[in-house]
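Subject: Structure handover

Hello,

Here is the structure for you to open. Please keep it on screen while you read my notes below.

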Amino acid sequence: MGTVQAKSYPTGIEEEKMRDKGDNIYLEKVSARVDKINIDGVARTKQDVLAKSMKELFGSQNFQEVILNIYSVADKLQKLNAFKRVDVFIDTSSGADATPKGLEVTFYVQEVRRITGGINTLVGNNEGSLVAGVQLPNMFGRGECLQSEYHYGTKRSSGFNVTFTKPFVSRGNPRFTAALFKQGEDFTWSGFREIDHGTLLELNLESFPRIQHTFRWEGIWREIKSLSTVTSFPVREESGHSLKSSVKHTVALDLRDNPVIPTYGQLFKLHQEYAGLGGDVGFLKHELEVQLNQSLGMDMVLQASLLGGILNKIQNKNYSICDKFFLGGPLSLRGFTVRGVGPRANEDALGAETYWASGLHLYTPLPFRPGRDGIGNYFRTHTFLNAGNIGYFLGENNYPDWKRMFSNIRLSCGAGIVISVGHIARFELNYCLPLKFQNEDRTNPGMQFGIGVAFL
């Protein structure tokens, strides 16, 4: 956020009113109000947005509320993405309009440049990408941003997009996004390449503290191509063009202290998608993710996680292989190859309409804790037990499929090292041992390396 500085409070305040018998100072007992707000460093940002962001400061009635509201205002300014830095200085009020308990708050800000850009790398799920982009931040002075990006991945994935975002200073910190994009990716484990041309409209907001909602509409023209002459016939049947129009809703409650190597907290995420608002693709898809983390002392953490999903067809509509679920890989069901679990034709993974997967991890620090409270916090050893299954369409009176989902369970265990990359992504190097699998599965016993942002 920057820094917050303050001069000592006026000595005329009766200190016994804000001290207890142990000489502790309670800021909520110190009467205070904000008489004046100054903003230094603004050139392009509009005054109406700044005034709306600062409004809550004038409602402060004690010094504690002043401090908390200052942090809230600074957070709002940062979320506008219009400023590189926000610093705050608090002083006693002066001048003809000053009150006895008044304060003067000054925000020192540094606006972002009109044009930014560069070339960098991006970590995906077991793939690295080179990304080149340019941004026009704070275009119209209210936090709007127009950006364009091109990326090329190590596994022949590529894409181009133009995105416009607009934040709003109001309850829930809503943010609107509109984008046009083109992307292509090889799914070698299923024998096809998917090319998408599309557009989307998205709204992100916070309904309650730490409860995030995402509402999205997507319109995508998709093309599926066989990767080689040995691609299986069921995948070849999926080749061709399709048009998907869908609405999505994602709600997430994340109480973890760290998204990559948490030491405590829970995660709950529910994703729902309805496709069929035009186009020839129609389905209803639900996915659930739950994660629990419990500290055991001595820097040991026990983590339990559960994933699951179901895909239902809509009458008179179809879905394709790229809409199905797949399971297996170094950050999914470890001990199996990528998309290595479930039905296959020759060597091509076909996916399925239902799946579930679970994980139990015990995280421990590195021996002797090198770099304790520093670089050592980015490394963990872990032992794990993974279980899951993937199945076919679950319709009415389809009990055998339900039974199969919880009878032919895939199971693996192992141990390894986890490395946090900027607390955004993670590397894993594990020794894996598949315990239960089916003839159609592709196992990967021994050392397995994974990199990505989503993990079980």
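Which residue in E8 is the bridge partner of Leu146? The bridge partner is Phe164. First, some ground rules. This is a predicted model, where local features need pLDDT of at least 70, side-chain atom pairs count only at pLDDT 80 or more, and totals for chains, interfaces and linings use all residues. Residues are numbered from 1 along each chain as its sequence is written, and side-chain values use heavy atoms, with hydrogens and water left out.

Confidence

pLDDT is the predictor's confidence in each residue, from 0 to 100. The chain has a mean pLDDT of 87. In 90% of its residues the value reaches 70 or more. Treat residues 8–16 with care: their pLDDT is below 50. Beyond near neighbours in sequence, that stretch has 10 contacts in the model (a contact means heavy atoms within 4.5 Å).

Helices (H or I, at least four residues) and strands (E, at least two) are DSSP runs, numbered from the N terminus. Two strands pair if DSSP finds at least two bridges between them. Strand E6 covers residues 127–137, and strand E7 covers residues 145–153. They run antiparallel, joined by nine bridges. Look for Gly133, which stands opposite Glu149 in E7. E7 is also joined to strand E8 (residues 158–167) by eight bridges, again antiparallel. E7 and E8 form a hairpin, with four residues between them. In the turn, Arg156 has a positive phi of about 65 degrees.

Start with Thr106. It is found in strand E4 (residues 102–111). Is Thr106 buried or exposed? Thr106 counts as buried, because its relative accessibility is 10% (buried means under 20% relative accessible area, exposed over 50%, partly exposed in between, with a 1.4 Å probe and protein chains only). Its side chain makes a polar contact of 3.3 Å with that of Asn38. A polar contact is a pair of N or O atoms within 3.5 Å; within protein, one must be able to donate a hydrogen and the other to accept it, and residues adjacent in sequence count only if both atoms are side-chain atoms. Setting aside neighbours within four places in sequence, Thr106 touches Asn38, Asp87, Val88 and Phe89.

Next, Val235 lies in helix H3 (residues 233–236). Val235 is buried, with a relative accessible area of 1%. Beyond four places in sequence, its contacts include Ser190, Phe192 and Leu350.

Aromatic rings

Rings of Phe, Tyr and Trp (its six-membered ring) pair if their centres lie within 6.5 Å; planes under 30 degrees apart count as stacked, over 60 as edge-to-face and the rest as tilted. The count comes to three aromatic pairs. One of them is Phe325 with Tyr355, a tilted pair at 5.0 Å centre to centre and 45 degrees between the planes. Phe325 is in the loop between strands E15 and E16, Tyr355 is in strand E18, and they are 30 residues apart. Both are buried. The pair of Phe427 and Phe449 is tilted because the planes are at 45 degrees, with centres 6.0 Å apart.

Charges over rings

A charge sits over a ring if NZ of Lys or CZ of Arg is within 6 Å of the ring centre and within 35 degrees of the ring normal. Lys166 places its charged end over the ring of Phe168, 5.5 Å from the centre. Arg339 lies over the face of Phe326, 3.7 Å from the ring centre.

Best wishes
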